[in-house]
Amino acid sequence: MLQLSQCKIPYQKDTEEYLKEKAAGLLHIGTEDFLEFQIVKKSIDARKKPDIYLVYTVQFSLENEEAVRKRNRGNRNLSRVGEKADLREQISDIGNKKNIVVVGSGPAGLFCAYYLSLCGCSPILLERGAAMEERTEDVEQFWQKEILNPESNVSFGEGGAGTFSDGKLNTGVKDKTGKKRFVLETFVRFGAGEDILYDAKPHIGTDVLRRVIINMREEMKSLGCRFFFHTKMTDFIMREGRIHSIRAEKGGEEREIPCDSLVLAIGHSARDTFSMLERAGIAMSPKAFAVGVRVQHRQSDIDASQYGKDVEAGVLPPASYKCTGKTEDGRGVYSFCMCPGGYVVNASSEHGKLVVNGMSNVRRDSGNANSAIVVTVGPEDFGSKDCLAGVRFQEKWERRMYELCHGRIPVQRFGDFKNDTETAECGKVKPCVKGLWSYANLRRALPKFIVNGMIDGMEQFQDRLSGFSHEDTLLLGIETRTSSPVRIERDEDLTSVSAKGLYPCGEGAGYAGGIMSAAMDGLRVAMKIQEHEKNERTKKSEG
C-alpha cells in the first residue's frame, strides 16, 4: 500500500474520478492501475485567492508498487504506508466482574465505559442528568420558556457539554496508539458521516451527535454496561487509602454502590463535585482558563474573507477561522470553539448564573458564524491560591452577566461595546441564538482587563479577517467555561495521588480540552484499568 500526499485539485473539480486522474498523472500511471484507492485526508488551501484548491492525501495499492516507487523516487510526497496501530487489537476480556463505576457520560466517561464494556467488565455509568431523549426536551424547555433544570441542561446529561456544541473532532493531541482513529471509527459506526475519517477539520454537528450517542448507549447496554441516569455521586468511602464504595442520590434517596475502581469524568461544570472532593482531601490545584464573549458575524462575510468574493455560495463548506494574539499587557487573546453556520446558546447550569456556548448542526446553515473571543486568566487573577478560586471567579462574573438582563443572553454591537453604550438595535448582523436575549452593555458585567483584551484582540484579528471588528459585529456574553478551572492531580498510573482506585479523567479533571481529547483520555484510563486487572490476574495465577 502506497500513500500520496499534497494532491491538489481545483475546488470546482471535486470528484473522486478527477482526483484519481490527478493522482495517476502525478505517478505517471493510468487510473486503471489502482487496485484500491482511498482518501485519508482532505483540506482546503485558500492562501492564494481566487485560486482555491482541495488538498488530498490518498492511499492506494498497485500490482507493481515497487516499480512505481522507483520510477517516482524524486517525489517526496510518495511513501509506503507503515503499519497503523489498531486499538481494537488491544481489546481483551479482563476475566473478572470487579465493580467499576464511571461518573459522567460525556465523551471521556462514555468512551471509558464503552472500552471497558468491550472488555467484558459490565461497568456502571453514573449520570446526574437525563438520558438524551429527555435531556433534549429539558434543554428546549429552557431555551423557549426559561425553565432551567439544574441537573439536566446544556452542561449535564447524557453526552456531556459537547453534545450541544459544534461537535468538532479535531485535536492537537499526538497519538501513536490508534485512540483517535478508534474514536472516529466508533462515531461512524453509530451514525456519523464517513467524511470525519479524512476531513482535516472533522465535525459531527449536534443533531447527528445526539443520535450517535443514543446508538452507542444501546450497544453498550447489550454488552452489559449499566446506565444510571438522574443519579448523582454525593460522596465516596475509602478503606486503607483505597476506594471502597460511593454514595449516590436519586430522587431524594441515597444508596451505596460498591466500587473497586472509580473513574471521575465529571466535566468542567460539576462545581458541587469539586467542592465535595476538596472536603474529602483529594489533591487538586487551580488551573488557567480563559474568559470572554461569543462574537457573531454573517457567515457570508466570513466566507468572503476566507475564500474571496468570487466563490459561489454553497460550493465550499462554511468557512472557519482561528485567531491568536497578545494583548498590550501580555495576555493571550484568541478565538475558541469556532462554529460556522451556528448558534450562540444559553448554556447555563445553575440558577442565577449565565454562561453561553456555541453550537452547530451538521449542515451549519444558520447564516451566522460565531466563536468565543477570550482572554487568558490564571491563578494570579483569582485573588486566592486555593484550588477552587477559579470556580469562584467564574461564578462571580456569570452572576453579574445573569443580573444584567435577568437571565437572558445580553447582546451588544461591537461599536457600542467600544463606546461603552447600550445597544438599541442591530445593524447588518442579526442574532442567531438558542434561548431568549436582550440588548445590553456587556462592559457592565466583565472585568476591565477582559474588556480591554477583547477590544485589543478584535482589532488585531481585523488584519487577518476583513470586517472582523466591524461595528455591527455582535457580542454575546459570557463565555467562562473554556476549560476546567481545576486539575485533579493524578500520577503516572492515572490514579489520584490521594486515593488508590480513583481515576480523574477528561476535561473536568484537567486532562483534555474538547470532544476528541476527552474521549481519548477516557480510553487511556480504561486501558490503564485493563492493564491493572491483567496484572492482578497474573499475580494470582503465579501465587
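Which element supplies the largest share of the lining of the second largest pocket? In this predicted model, that share comes from helix 5, which contributes 5 residues.

**The second largest pocket**

The volume of the second largest pocket is about 690 Å³. Its lining comprises 25 residues, and those that lie nearest the centre are Lys84, Lys180, Arg181, Leu184 and Leu197. Helix 5 spans residues 179-189, and together with strand 2 (36-48) it belongs to the elements that each supply at least two residues of this lining. By residue class, the lining divides into 10 nonpolar, 10 charged and 5 polar residues.

**Overall architecture**

The secondary structure of the chain consists of 13 helices and 24 strands. The C-alpha trace spans about 75 × 70 × 40 Å along its principal axes.

Of the 543 residues, 55% are buried. Among the contacts with a separation of 6 or more, 72% are between residues 24 or more positions apart. The accessible surface comes to about 23,500 Å², and carbon and sulfur atoms account for 44% of that area.

**Buried residues and their contacts**

| Residue | Location | Relative accessibility |
|---|---|---|
| Arg210 | helix 6 (residues 206-222) | 16% |
| Thr482 | loop between strand 22 (474-479) and strand 23 (486-488) | 6% |
| Arg481 | loop between strand 22 and strand 23 | 8% |
| Ser469 | loop between helix 12 (448-461) and strand 22 | 17% |

Arg210 counts as buried because its relative accessibility of 16% is under the 20% limit. Beyond its neighbours within four places in sequence, Arg210 is in contact with Met132, Thr136, Thr163, Phe164 and Met359. The C-alpha atom of Arg210 is separated by 8.6 Å from that of Glu133, although the two residues are 77 residues apart along the chain.

The loop between strand 22 and strand 23 holds Arg481 and also Thr482. What does Arg481 touch, not counting residues up to four places away in sequence? Its partners are Ser155, His268, Ser269, Arg271, Ser349, Glu350, Val355, Gln394 and Glu398. Arg481 counts as buried, with 8% relative accessibility.

Thr482 is likewise classed as buried, at 6% relative accessibility. Leaving aside neighbours within four places in sequence, Thr482 is in contact with Phe289, Ala290, Phe336, Val374 and Glu507. A separation of 8.6 Å is found between the C-alpha atoms of Thr482 and Cys337, which stand 145 residues apart along the chain.

Ser469 lies in the loop that leads from helix 12 to strand 22, and its relative accessible area of 17% makes it buried. When residues up to four places away in sequence are not counted, Ser469 touches Phe414, Met458, Glu459 and Gln462. Of these partners, Met458 and Glu459 fall within the range 448-461 of helix 12.

**Backbone features**

Two cis peptide bonds may be noted, one from Lys49 to Pro50 and one from Gly477 to Ile478. For the bond between Lys49 and Pro50, omega is about 10 degrees; Pro50 is found in the loop between strand 2 and strand 3 (51-61). For the bond from Gly477 to Ile478, omega is near 5 degrees, and Ile478 is found in strand 22.

Positive phi values occur in His28 and in Arg364, neither of which is a glycine. Phi of His28 is about 60 degrees, and the residue is placed in the loop between helix 1 (16-27) and strand 2. Phi of Arg364 is near 50 degrees, and Arg364 belongs to the loop between strand 17 (356-359) and strand 18 (368-377).

Is each of these two residues buried or exposed? His28 counts as exposed, at 56% relative accessibility, whereas Arg364 counts as buried, at 14%.

Notes:
Residues numbered from 1 in each chain as written. Predicted model: local features only at pLDDT ≥ 70, side-chain atom pairs only at ≥ 80, totals over all residues. Heavy atoms only, no water. 1 Å grid on protein atoms, 1.4 Å probe; cavity = no way out; pocket = protein on both sides within 12 Å on 5 of 7 lines; lining within 4 Å. Points joined across faces, edges and corners; volume = space filled by probe spheres on them. Helix = DSSP H or I, 4+ residues; strand = E, 2+ residues; numbered from the N terminus. Nonpolar A, V, L, I, M, F, W, Y, C, P; charged D, E, K, R; others polar. Buried < 20%, exposed > 50% of the residue type's maximum accessible area, 1.4 Å probe, protein only. Contact = heavy atoms within 4.5 Å. Areas by Shrake-Rupley, 256 points an atom, 1.4 Å probe, with all protein chains shown as cover.
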